[in-house]
Every structure is written in C-alpha cells, then in structure tokens.
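Colleague: I've got a model open and I'd like to learn how to read its features with you. Could you walk me through them?

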Amino acid sequence: MRVFASPQVYIQGFAAFQTELLCLQRLGKKALIVTDAFVMQMVGEQLVENLNRVEIESAAVLVDDSSQATFFAKTKEMIQTDNYQFIIALGGGKAMDLGKMVANNNHLPVAVLPTSAATDAATSRISVIYDDAGNFVRYNFYAKNPEIVLVDTKIIFAAPQEMLVAGFADGIATYIEARSVWEDQGVNIAGTKPTLAALSLAKTCHDVLIRDIKSALRAQKDGIINAAFENVVESNILLSGLGFENGGLSLAHSFHNVIMGDCQLSVRGSHGQIVAVGLLLQLLIEKRRTEYEDYRQLFTSLKLPTTLPELNLNLSQTMIRDLAKKILLTKQAGNHLGKQVDEAKISTALTELA
C-alpha cells in the first residue's frame, strides 16, 4: 500500500509570526504554547502579544525542567481546567515533539511554529521519543499531521548559521535514505510503500540544497534575505519533512538514533551534524565511494563533521562491533536497512570513519 502524509497547510514568509496568525483562528480562540524558556524569552513573549491582536488567548508551558510524566500531567490539567482548544508547538525539536504529543494525548489540533531550520520535524505526524536523560527510545506515530506549519524566515534568519547547515545535512540525508528505500522496494517508517511523490520531493530537496546552500549562507552573513535563503528554509523544513516521513529513513538515522540512545557515549553534535556522519557511513556501506568523497568534501567546506572523533566518539573495535549490532536492530523501530547490510559491513565502515 502506498501512502502519502502531509500537514494541512504550510505557510512560510518574512515576519509570518506577525502577519499570518489569523490562519490559526480556525483551530480555536485559546492556545496552549509548548516551548522552552530560551525560545519563550526570544520569541514567545512577542508571539503571545501578536496572538492577542488576532483575538487568540494563549499561555505557555515550558519543556525545560520537569520529567516527561510531570510535564504531561501538568499540560493535561491545564487543558482541562482552562479549556484550551489547540496546541502551538514553538521552538526546536524537543518543543515540536512534545507539542505534538500533548496535542495527540488530549485530542487537540496542533500548529507547529519552528524557530530554526535545523530539523525537518515540523511537518510530520511523528515524535521522536527520548528519555529524561536525552537518550533515544522510539518513534511515536499519530493519526494525523499538524494542521498548520507556520515558518517565519525573519526568526530563522536570526538563528545561528550552524543551525541552517545542520538542517542542510539532514535534508541531504533525506534523499540518500529515501533512494535506498525505493531501490530496495522497502517501506517507510510507518510501514507503507513510498510514493513517487515522496521520492520526487526528497530529490528536489537534495538538488535545491546543493544549488542554494552557499548563496543562502552568504545572504545570512550579509544580513539580507534572498530567494536562496527562502529556498533552503523550505527544503530543510517542508521538502525534507515530507521526504523523510513518506520516503523512509535508513542508515544515516539509524546511526543517529543508536549513538543518541547510548548513555555511555558522550556524543557532541546536533541532530544534523550527527546525521551528516551517518550519511557518510551509509554511503560507505552501500559502496558509493564517489558520492562519499563528494559529500565528505562538501561537508568539510561547510564545517560539518565527517568522522567519529569529531562527534567525540573515540571507539575501540569492541565498541564498534557493539555499535554495529545496535544499528542493525533499528529495523525494529522502522528504519530501513537493506538485505545487503550486515554487522561486518557496518563495522568496516565505522572503522574507516574512526
């Protein structure tokens, strides 16, 4: 069965958190904002004022301090007591994941407002679940995608360049992984066959990022938003999000999930930076040596990590073999690993990256 999932509406533009908030009114007149303390101070307080101007009452709950169990109990009580009608997930990966979970747990619609283009989580009907120590546990799947994804490129333009570059690496991996799923006639993380649309979007994401990333970074450095910057933001968030959810995840994200789920490893790097190394691992395992060299050089030019030590991973051969076994087990979480992928091939590729 081929299945394609997407948010109902995607809106992107300069100062969209000021000019496009009327679109949220169809979700209700009272919103609970799920965010963190830093984003609340930088963006959230102004957003609350802007929501008031379009007659949407709101309050914020922070994801920073409490355990997940306490957080979910608190949000449930707030929603029941104050009759919030929809959720706004504002911020980065954790706020988006938990915001979608709160919406699902309480049967409410959700609008996702990302504050950087470092991840493609905004559009999906998926949350990545970590424990209270920050270790990967599993994917949560929901019946529907966010109702609205609202992207303010003024906010994203002000974020550090490293975030845009990290999202670039994640977006490049979207196509590399979707291609592997398609060529192996595999399934995506929801267990359905990818559509032609999914592969096409993933390929477009890849091609636009390769074409526009350097121009977008120059624009950000010069302080002037150009079309290339808008294109990279859309690719990092929308095209990559649709591509990964519908096209499937493979070795690059298997590597990420395993090392993030091992509390004995002191990993240093963002999601996109880790995925960059995972992408190179995948290309080595698939014996795509020319592509591996091309991406390694490109990543180096963008100051992305290309080796395990750059992620603070200094692994013995015993640790490498253990890591390879765990990567193989990510099939159970929904990641696609082809029949040709085995422990020995993963170990050999990890050794080369070490």
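Colleague: What volume does the largest cavity have?

Modeller: Keep in mind that this is a predicted model. The largest cavity comes to about 30 Å³, and the structure holds 1 cavity of 30 Å³ or more.

Colleague: Which residues line the largest cavity?

Modeller: Its lining is made up of V3, A5, R125, N188, A190, T192, E245 and N246. Sorted by class, that gives 3 nonpolar, 3 polar and 2 charged residues.

Colleague: Now the pockets. How much space lies in the second largest pocket?

Modeller: About 210 Å³. Around the second largest pocket you'll find Q161, E162, V165, L217, Q273, S301, L302, K303 and L304. By class, this lining has 4 nonpolar, 3 polar and 2 charged residues.

Colleague: Which element gives the most to that lining?

Modeller: That's α6, with 3 residues.

Colleague: Happy to. How do I read the packing of two helices?

Modeller: In general, you describe two packed helices by the angle between their axes and the distance between the axes.

Colleague: Which residues meet where α6 packs with α9?

Modeller: On the α6 side look at D170, A173 and E177; on the α9 side, at L251, A252 and H253. The contact of these two helices counts 3 nonpolar, 1 polar and 2 charged residues.

Colleague: On to the sheet. What order do the strands have?

Modeller: The order is β1-β8-β5-β4-β2-β3, in an open sheet of 6 strands with parallel pairing. β1 (9-13) and β3 (57-62) each have a single partner strand, so they stand at the edges, with one side of each left without a neighbour in the sheet. On average, and with direction ignored, neighbouring strands of this sheet are turned by 20° against each other.

Colleague: Could we zoom in on one pair? How many bridges join β2 to β4?

Modeller: There are 4 bridges, between β2 (residues 30-35) and β4 (residues 86-91), and the two strands run parallel.

Colleague: Which strands does helix α3 lie across?

Modeller: Helix α3 (residues 68-82) lies across β2, β3 and β4, and runs at about 165° to β3. Helix α8 (residues 227-247) packs on the sheet too, where it touches β1, β5 (110-114) and β8 (148-152). The direction of α8 makes about 150° with that of β1.

Note on methods
Residues numbered from 1 in each chain as written. Predicted model: local features only at pLDDT ≥ 70, side-chain atom pairs only at ≥ 80, totals over all residues. Heavy atoms only, no water. Contact = heavy atoms within 4.5 Å. Nonpolar A, V, L, I, M, F, W, Y, C, P; charged D, E, K, R; others polar. 1 Å grid on protein atoms, 1.4 Å probe; cavity = no way out; pocket = protein on both sides within 12 Å on 5 of 7 lines; lining within 4 Å. Points joined across faces, edges and corners; volume = space filled by probe spheres on them. Pairing = 2+ DSSP bridges. Axes fitted to C-alpha atoms, helices over the stretch in contact; angles between N-to-C directions.
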